[in-house]
Amino acid sequence: MAYRLPKWAKGLPEHAMKTFPVEWCPQKSTSIYHDKWIKPRFSLRKIADARKRTLMAGQEWIWEKPGRRQELKKLRPRKGHKRHQGGEAKKKMIEAKMAEMPQKIEKFRIEQKKRRDSQRKDFWSTIMREINK
């Protein structure tokens with residue numbers, strides 16, 4: 001099969017051109033019935049990932065264009081989801097709130113008892129008024 005170098009490969013050094021993988025190039029079909037170009041076996045994204053892995057391993061990428069930097073950008077850790085951020089602070093806040101809960105529950109029960117007692121008194125007083133009329 002005949003192949004054509006991709007646009008990004010132009011300007012590579014001579015030693016890199018000798019070892020350039022054919023799988024990275026579009027190839028022309030050898031069939032006499034079809035005169036088509038076949039896409040490369042490896043996409044640009046996969047080639048970029050291979051370059052990145054090679055540089056991260058501390059090796060040299062021999063297909064590098066002259067003048068291009070070989071170091072990688074510093075990779076930041078991913079931000080993640082908001083629900084995973086600040087987990088420790090949230091746990092501390094929950095523990096503090098849970099420590100206050102017994103007092104709050106007791107206060108709520110007292111208020112409910114007062115409210116129920118006042119409603120009972122109002123209920124009986126209205127009934128007695130109705131009866132005495």
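**Figure 1. The aromatic cluster of W24, W61 and W63.** In this predicted model, W24, W61 and W63 come together as one aromatic cluster. The structure as a whole contains 3 aromatic pairs. One of them joins W24 and W61 in a stacked arrangement, with 5.8 Å from centre to centre and 15° between the planes. W24 belongs to the loop between α1 (14-18) and β2 (27-28), whereas W61 belongs to the loop between α2 and α3, so this pair ties together parts that lie 37 residues apart in sequence. A pair of aromatic rings is described by the distance of the centres and the angle of the planes.

Figure 2. W61 is buried, its relative accessible area being 8%. W61 also pairs with W63, here edge-to-face, with 5.1 Å centre to centre and 75° between the planes. W63 is likewise buried, with a relative accessible area of 17%. W24, the partner of W61 in the stacked pair, has a relative accessibility of 10% and therefore counts as buried.

**Figure 3. Helix α2 and its two faces.** Helix α2 covers residues 44-56, 13 residues in number, and reaches 18 Å from its first C-alpha to its last, close to the 18 Å expected at 1.5 Å a residue. The buried residues of α2 are I47, R51, T54 and L55. Seen down the axis of α2, these buried residues fall within an arc of 95°, so they line one face of the helix. The face turned away from this buried side carries the exposed residues R45, K46, R53 and M56. After α2 comes G58, which has a positive phi, near 90°.

Figure 4. A search of the whole structure finds 3 salt bridges. Side chains of opposite charge can pair when their charged atoms come close. R45 and D49 form one of these salt bridges, their closest N and O atoms being 3.1 Å apart. The two residues are 4 residues apart in helix α2 and are therefore separated by about one helical turn. R45 is exposed, with a relative accessible area of 54%, while D49 is partly exposed at 29%.

Figure 5. The side chains of R51 and E64 meet in a salt bridge with an N to O distance of 3.1 Å. R51 lies in helix α2 and E64 in the loop between α2 and α3, so the pair ties together parts that are 13 residues apart in sequence. Both R51 and E64 are buried. W61, a member of the aromatic cluster, is also located in the loop between α2 and α3.

Figure 6. K104 forms a salt bridge with E100, and the closest N and O atoms are 3.7 Å apart. K104 and E100 are 4 residues apart in helix α3, and about one helical turn therefore separates them. K104 is partly exposed, with a relative accessible area of 44%. E100 also counts as partly exposed, its relative accessibility being 36%.

**Figure 7. A nonpolar surface patch that includes M101.** M93, I94, M98, M101 and I105 make a nonpolar surface patch of about 450 Å². Among them, M101 is placed in helix α3. M101 has a relative accessibility of 32% and so counts as partly exposed.

**Figure 8. N132 in helix α3.** N132 lies in helix α3, which comprises residues 87-132. With a relative accessibility of 62%, N132 counts as exposed. N132 and E14 are 118 residues apart along the chain, and their C-alpha atoms are separated by 115 Å.

Notes. Residues numbered from 1 in each chain as written. Predicted model: local features only at pLDDT ≥ 70, side-chain atom pairs only at ≥ 80, totals over all residues. Heavy atoms only, no water. Buried < 20%, exposed > 50% of the residue type's maximum accessible area, 1.4 Å probe, protein only. Patch = residues over 30% accessible without salt bridge, like charges linked within 9 Å, V, L, I, M, F, W, Y side chains within 5 Å. Areas by Shrake-Rupley, 256 points an atom, 1.4 Å probe, with all protein chains shown as cover. Salt bridge = Lys/Arg side-chain N within 4 Å of Asp/Glu carboxyl O. Expected span 1.5 Å × (residues − 1). Arc of directions from axis to C-beta. Phe/Tyr/Trp six-rings, centres within 6.5 Å; stacked < 30°, edge-to-face > 60°.
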